[in-house]
Amino acid sequence: MESTPETGTQVLPARPRILLAASGSVAAIKFENLCRSFMEWGEVRAVATKSALHFVDKSSLPSSVILYTDDDEWSGWKKIGDEVLHIELRKWADVLVIAPLSANTLAKVAGGLCDNLLTCIVRAWDYSKPLYVAPAMNTFMLNNPFTKRHLHTIGELGVSLLPPITKKLACGDYGNGAMAEPSVIYNTVRLSFNESSASGNSKDQSI
Ligand SMILES: Cc1cc2nc3c(=O)[nH]c(=O)nc-3n(C[C@H](O)[C@H](O)[C@H](O)COP(=O)(O)O)c2cc1C
């Protein structure tokens, strides 16, 4: 995010650069929808974990959205001096949104692990920029004590939570754990990003 030299006041980017990431929850079938929503607001790039690729239909994504995967991280780097993708993406982005956030990726992020493109981006994240997560998992996974601990830990890092909702889940169970609706994710992120940028604080507080 830019700031004026005279005042140091942050300037709201006209079209923010949004890095959208999907991890391996069945809710990743809504990723295309999310990409299209965020494209109305800014420039979108996408990241998917290996598991997320089971749910994301790559061919359905808008052609302007580049989808990065673990393979790109390694195919683009051959020698010292070459760009490192996870560092370039975290520099590029004004905001990172992980939707859906799987229990596995949540646990890895909370524990500081970084063994794929997405978790490397998060581990290298500059927390003066906002990072939002929309967890999506079975109710029993959500209610597992680890989930509460991990959400608490990432909240302390400065990650903002887009809470899951209660409904009939893809597995057939009824309960809390479904990803927030894409429209809610989009509107909440956009509103809170604009509000915090306008108030000169690019780092959002927990929602
Ligand atoms: C059909 C199917 C649906 C799944 N849905 C979810 C889910 O909604 N939430 C979740 O946390 N894990 C879910 N999983 C498990 C994750 O895909 C698994 O933990 C995987 O290792 C996550 O990897 P990632 O975090 O690197 O994307 C599902 C697995 C399968 C096979």
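## Surroundings of the ligand

In this predicted model, the ligand is surrounded by 15 residues, of which Gly24, Ser25, Thr49, Ser102 and Asn104 are the closest. Sorted by class, the shell around the ligand holds seven nonpolar and eight polar residues, and no charged residue is found in it. Helix α4, which spans residues 103-111, supplies the largest share of this shell, namely three residues.

## Helix α4 and its cover

Helix α4 also has a buried side, with Ala103, Thr105, Leu106, Lys108, Val109 and Ala110 as its buried residues. The elements that cover these buried residues include strand β4, helix α5 (117-123), strand β5 (131-135), helix α6 (139-143) and helix α7 (145-157). Just after α4, the backbone at glycine 112 adopts a positive phi of about 80°.

One of the covering elements, helix α5, contains cysteine 120. Cysteine 120 counts as buried because it has 21 C-beta neighbours inside 10 Å, where 20 or more are needed for that class. Leaving aside residues up to four places away in sequence, cysteine 120 touches His86 and Cys114.

The largest nonpolar core has 55 residues, and the members that touch the most others are Leu20, Leu96, Val97 and Ala99. Strand β4 gives the most to this core, contributing six residues.

Alanine 99 has contacts with Leu20, Ala22, Leu34, Ala134, Leu162, Met179 and Ile185, when residues up to four places away in sequence are not counted. Alanine 99 is also joined to proline 100 by a cis peptide bond, with omega at about 5°, and proline 100 lies in strand β4, which covers residues 95-101.

## Packing of helices α1 and α8

Helix α1 (residues 31-39) packs with helix α8 at an angle of about 35°, and the axes of the two helices are 9 Å apart. The crossing of α1 and α8 is right-handed. On the α1 side the contact is made by Asn33, Leu34, Ser37 and Phe38, while α8 brings Pro182, Ser183, Ile185 and Tyr186 to the contact. By class, the residues in the contact of α1 with α8 are five nonpolar and three polar, with no charged residue among them. Two residues of this contact, Leu34 and Ile185, are also among the residues that alanine 99 touches.

Threonine 188 belongs to helix α8, which runs over residues 182-198. Threonine 188 counts as partly exposed because it has 19 C-beta neighbours inside 10 Å, whereas a buried residue would need 20 or more. Between the C-alpha atoms of threonine 188 and histidine 54, which are 134 residues apart along the chain, the separation is 27 Å.

## Exposed positions

Tryptophan 74 is located in helix α2, made up of residues 70-75. Tryptophan 74 counts as exposed because it has 11 C-beta neighbours inside 10 Å, and the exposed class takes residues with 12 or fewer. Although tryptophan 74 and leucine 85 are 11 residues apart in sequence, their C-alpha atoms are 8.4 Å apart in space.

Lysine 58 sits in the loop between strands β2 (43-48) and β3 (66-68). Lysine 58 is likewise exposed, since 12 other C-beta atoms lie within 10 Å, a count that still falls in the exposed class of 12 or fewer. The C-alpha atoms of lysine 58 and leucine 85 are separated by 20 Å, with the two residues 27 places apart along the chain.

Notes:
Residues are numbered from 1 along each chain as its sequence is written. This is a predicted model: local features need pLDDT of at least 70, side-chain atom pairs count only at pLDDT 80 or more; totals for chains, interfaces and linings use all residues. Helices (H or I, at least four residues) and strands (E, at least two) are DSSP runs, numbered from the N terminus. A nonpolar core is a set of buried Ala, Val, Leu, Ile, Met, Phe, Trp, Tyr and Cys residues joined through C-beta atoms within 7 Å. Two residues are in contact if their C-beta atoms, placed from the backbone, lie within 7 Å. Axes are lines fitted to C-alpha atoms, for helices over the stretch in contact, and angles run from 0 to 180 degrees between N-to-C directions. A crossing is left-handed if the near helix is turned anticlockwise from the far one by less than a right angle, and right-handed if clockwise. Ala, Val, Leu, Ile, Met, Phe, Trp, Tyr, Cys and Pro count as nonpolar, Asp, Glu, Lys and Arg as charged, and the others, Gly among them, as polar. A residue is near a molecule or strand if its C-beta atom, placed from the backbone, lies within 6 Å of it.
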